Amino acid sequence: MPNKSVSSADRVRLTVLVEDTVNKPDLIAKHGLSILVETTSADSKSRILMDAGPPPDVALHNANVMKADIRSLDAIVISHGHYDHAGGLVQILRSIGRPTLVVAHPLAFAPKFAYKPNLKFIGTEFNHESVRDAGGVLLIARNSVPVATGVIASGEVPRENDFEKVEGFWTVANDHFLQDPMTDDQSVVINLREKGLVIISGCAHAGIINTVRNAEKIAGTDDIYAIIGGFHLADASGKRIEATLDQLLRIQPKRLYPCHCTGSRAMKRFLESFGERLAAVRTGDIIEL
Ligand SMILES: [Zn+2]
Ligand SMILES: [Zn+2]
């Protein structure tokens with residue numbers, strides 16, 4: 001049974017402003033993610049932007065083409081600090097032109113690097129001051145934040161299994177170059193009345209299974225209606241893909257929308273098991289649940 005203290009939304013509409021692929025003219029596809037999340041409940045509505053896409057303004061361009069109004073957002077939730085999710089933030093805030101709540105983890109604007117194949121900066125050049133200067137009202141928290149009726153920013157995701165390891169990311173902390181455990185990674189969780197949870201991951205660097213288990217704990221229910229977003233399995237071992245599939249089959253989401261960094265091998269395996277319950281997600285798609 002759902003946690004009584006967690007409110008629920010009656011309906012959710014997801015507008016995919018940025019994803020790696022596109023099948024509509026005039027829209028730009030680029031490696032990254034940005035999803036407009038609109039919910040309706042008995043006595044309220046909410047409009048939240050999950051991630052801002054890559055720099056400088058891909059999400060903004062596509063929102064304008066789609067006539068998706070992102071000037072009246074209640075909040076922007078940043079899933080983590082990589083450029084492909086947070087890079088468009090300042091341009092979006094400037095375009096909104098009024099103070100807008102930005103929910104992020106304390107390490108979301110920390111330095112972020114990867115070897116691709118040589119050392120490359122993959123974060124944003126933003127800091128709290130530049131986000132504030134652009135109109136962002138920062139809510140910086142490690143724990144979960146209820147953002148609207150039935151909508152929660154998950155906060156840090158505990159790492160509880162042995163197969164979802166974070167590898168290949170680096171940061172600088174206390175003047176030391178270190179492996180980045182991507183502690184800032186979080187999801188958006190929507191408690192959809194009579195259906196269950198809709199979980200939107202950014203890249204799921206914490207692991208998509210850890211992400212789902214954390215959402216279950218926060219919302220107090222293990223009814224999972226839909227999982228949408230990057231599952232970060234493009235470079236994963238076959239063993240990890242099979243372990244993830246095995247857990248997803250236990251979780252039994254009614255709908256699965258893996259995209260962005262999920263990778264074609266994992267997509268193929270998930271499709272074999274989930275069939276019509278799985279759908280591709282592309283820039284410009286609108287998903288109503
Ligand atoms: Zn990432
Ligand atoms: Zn990503």
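This short talk goes through the metal sites, the salt bridges, the nonpolar cores and the cysteines of the structure shown above.

A word on conventions before I start. What we have is a predicted model, in which local features need a pLDDT of at least 70 and side-chain atom pairs count only at pLDDT 80 or more, while totals for chains, interfaces and linings use all residues. Residues are numbered from 1 along each chain as its sequence is written, chains are lettered from A and ligands numbered from 1 in the order in which they are written, and side-chain values use heavy atoms, with hydrogens and water left out.

Let me begin with the metals. The zinc ion (ligand 1) is coordinated by His80 through NE2, His82 through ND1 and His205 through NE2, at 2.1 to 2.2 Å, where a donor is an N, O or S atom within 2.8 Å of the metal (3.2 Å for Na, K and Ca), and since water is not among the atoms, sites may look incomplete. Along the sequence, the donor residues of this zinc ion (ligand 1) follow the spacing H-x1-H-x122-H. His80 and His82 are both buried, a word that I use for a relative accessible area under 20%, with exposed meaning over 50% and partly exposed lying in between, for a 1.4 Å probe and protein chains only.

The zinc ion (ligand 2) lies 3.7 Å from the zinc ion (ligand 1). Its donors are Asp84 (OD), His85 (NE2), Cys203 (SG) and His260 (NE2), at 2.1 to 2.2 Å, and their spacing in sequence reads D-H-x117-C-x56-H. The angles among the four donor atoms run from 89 to 158 degrees, and the site of the zinc ion (ligand 2) is irregular. For the terms, four donors count as tetrahedral if all angles lie between 85 and 135 degrees, four count as square planar and six as octahedral if opposite donors are over 155 degrees apart and all others between 65 and 115, and anything else is irregular. His85 is buried at 0% relative accessibility, His260 is buried with a relative accessible area of 10%, and Cys203 is buried as well, at 4%.

I turn now to the salt bridges. If we call a salt bridge a side-chain nitrogen of Lys or Arg within 4 Å of a carboxyl oxygen of Asp or Glu, the count comes to 15. One of them joins Lys112 to Asp184, with the closest N and O atoms 3.1 Å apart. Lys112 sits in the loop between strand S5 (100-104) and strand S6 (113-115), and Asp184 in the loop between strand S12 (176-179) and strand S13 (187-192), so this pair ties together parts that are 72 residues apart in sequence; helices (H or I, at least four residues) and strands (E, at least two) are DSSP runs, numbered from the N terminus. Lys112 counts as buried at 1% relative accessibility, and Asp184 is likewise buried, with a relative accessible area of 1%.

A local case is the salt bridge between Glu216 and Arg213, at 3.2 Å from N to O. Because these residues are three apart in helix H5 (residues 208-219), about one helical turn separates them. Glu216 is buried at 13% relative accessibility, whereas Arg213 is partly exposed at 26%.

Glu242 and Arg269 also meet in a salt bridge, at 2.7 Å from N to O. That pair links distant parts of the chain, with Glu242 in helix H6 (residues 238-251) and Arg269 in helix H7 (residues 264-274), 27 residues apart. Glu242 is partly exposed, at 34%, and so is Arg269, at 28%. Finally, Arg13, Glu38, Arg47 and Glu288 are linked in a network of salt bridges.

Next, the nonpolar interior. A nonpolar core here is a set of buried Ala, Val, Leu, Ile, Met, Phe, Trp, Tyr and Cys residues joined through side-chain atoms within 4.5 Å. The largest has 30 residues, and those with the most contacts inside it are Leu14, Ile190, Val198 and Leu289. Apart from this core lies another, of 28 residues, including Leu36, Ala63, Ile70 and Ile92.

I close with the cysteines. With a disulfide taken as a pair of cysteine sulfur atoms within 2.5 Å, the count comes to zero. The sulfur of Cys259 is 7.8 Å from the closest cysteine sulfur, which belongs to Cys261, and that is too far for a bond. Cys259 is itself buried, at 5% relative accessibility.
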